[in-house]
Amino acid sequence: MSADPAGEGAAAVHRVAVVSGGSRGLGRTLVERLLADGWRVATFSRRANEFTAATAEAHPEDFHWAPADLGEPESMRVFARNVGRRFGRVDLLVNNAGVLHQELLLTTPSKQIDSLITENLTSPIQLTQACARLMTRHGGGNIINISSINAIRGYRGVSVYAAAKAGLDGFSRSLARELGAFNIRVNSIVPGFFDSDMTADVTDRNREKIQHRTPLGRLGTVDEIADAILFLTSARAHFVTGQSLVIDGGITC
Ligand SMILES: NC(=O)c1ccc[n+]([C@@H]2O[C@H](COP(=O)([O-])OP(=O)(O)OC[C@H]3O[C@@H](n4cnc5c(N)ncnc54)[C@H](OP(=O)(O)O)[C@@H]3O)[C@@H](O)[C@H]2O)c1
């Protein structure tokens, strides 16, 4: 099933996806799978790496990488503007990049609180506004915010990250009401624990606990989370908006 976010049979034009944080982890997998599916893909991260360099070389017409930092919301607008100039349109935005910092609230410095909210909530909102404006010019689009089960269940040490991710879910629902009239769908994907650099520091003991509490008995893979995201980009999800789709092996059930 080919992905057709605007639902306009856009076979003649190149569909354009913006994926934040596409150099590693889930973002990288999305970049690879969207390019393989015929999309043009624009992504940013703070640093280039072997993957972004090799992909730019392999897909000179269809891949755009530029540095941008979630800690600087203005860089989101600059990035979106440059994507608009280079590719002419945006059909899909995946707000994938996120920053996890674990610390009990009682000892978290105020600066750290500010930056976690900026990186995980303010910057995705700014990027969404800039991309949604581009989407309205071409008949519609699709916005997918990557949340976390921390938004729907309590875990020690992640209260600020959880607040930002829950904010992203609320943002998705209300924005779906605002943008439906423009044929723009807005949904959240709510992943449970999956293997990536973000979970590389989980101790063996905690990993066992997670597996024990997960009905499917394991962590997820980036491909399993990407499958759900690609479902939302497909024609099979054209009537889905304003929803949070939990992909967690059942740990929150
Ligand atoms: N892994 C999990 O178990 C899990 C569970 C639930 C939800 N999530 C969410 O899923 C999403 C993807 O997670 P992941 O595990 O794939 O992450 P990851 O492996 O840590 O990759 C993060 C990506 O975002 C970029 N990034 C990080 N900080 C950035 C910043 N300040 N500015 C710009 N780019 C930045 C990274 O590149 P640079 O470092 O070069 O900037 C990288 O490309 C995140 O939103 C995360 O919160 C993850």
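How are H3 and H4 oriented to each other, roughly parallel or roughly perpendicular? The views below are taken from a predicted model.

**View 1. Packing of helix H3 against helix H4.** The two axes come within 8 Å and cross at roughly 30°. Angles under 35 degrees count as roughly parallel, and H3 and H4 are therefore roughly parallel to each other. Their crossing is right-handed. On the H3 side the contact is made by Pro73, Met76, Arg77, Phe79, Ala80 and Gly84. The H4 residues in the contact include Thr118, Thr122, Gln126, Leu127, Ala130 and Leu134.

**View 2. Helix H3 and its surroundings.** H3 runs over residues 73–87 and spans 22 Å from first to last C-alpha, close to the expected 21 Å. Buried positions in H3 are Ser75, Met76, Phe79, Ala80, Val83, Gly84 and Phe87. The cover over these buried residues includes strands S1 (16–20), S2 (40–45) and S3 (63–67), together with helix H4 (110–136). Just after H3, Gly88 adopts a positive phi of about 85°.

**View 3. The largest nonpolar core.** This core has 31 residues, of which Val18, Phe79, Val83, Leu127 and Ile143 touch the most other members. At least two residues each come from S1, S2, H3, H4, helix H5 (159–179) and strand S6 (184–191). H4 gives the most, with seven residues.

**View 4. Contacts of Leu127.** Beyond its neighbours within four places in sequence, Leu127 is in contact with Val18, Ser20, Phe44, Met76, Phe79, Ala80, Leu93 and Asn95. Another core, of 25 residues, lies apart from the largest one and has Val31, Trp39, Ile146 and Val222 among its members.

Technical notes
Residues are numbered from 1 along each chain as its sequence is written. This is a predicted model: local features need pLDDT of at least 70, side-chain atom pairs count only at pLDDT 80 or more; totals for chains, interfaces and linings use all residues. Side-chain values use heavy atoms; hydrogens and water are left out. Helices (H or I, at least four residues) and strands (E, at least two) are DSSP runs, numbered from the N terminus. The expected span of a helix is 1.5 Å times one less than its number of residues. Buried means under 20% relative accessible area, exposed over 50%, partly exposed in between (1.4 Å probe, protein chains only). Contact means heavy atoms within 4.5 Å. A nonpolar core is a set of buried Ala, Val, Leu, Ile, Met, Phe, Trp, Tyr and Cys residues joined through side-chain atoms within 4.5 Å. Axes are lines fitted to C-alpha atoms, for helices over the stretch in contact, and angles run from 0 to 180 degrees between N-to-C directions. Angles under 35 degrees count as roughly parallel, over 145 as roughly antiparallel, 65 to 115 as roughly perpendicular and the rest as oblique. A crossing is left-handed if the near helix is turned anticlockwise from the far one by less than a right angle, and right-handed if clockwise.
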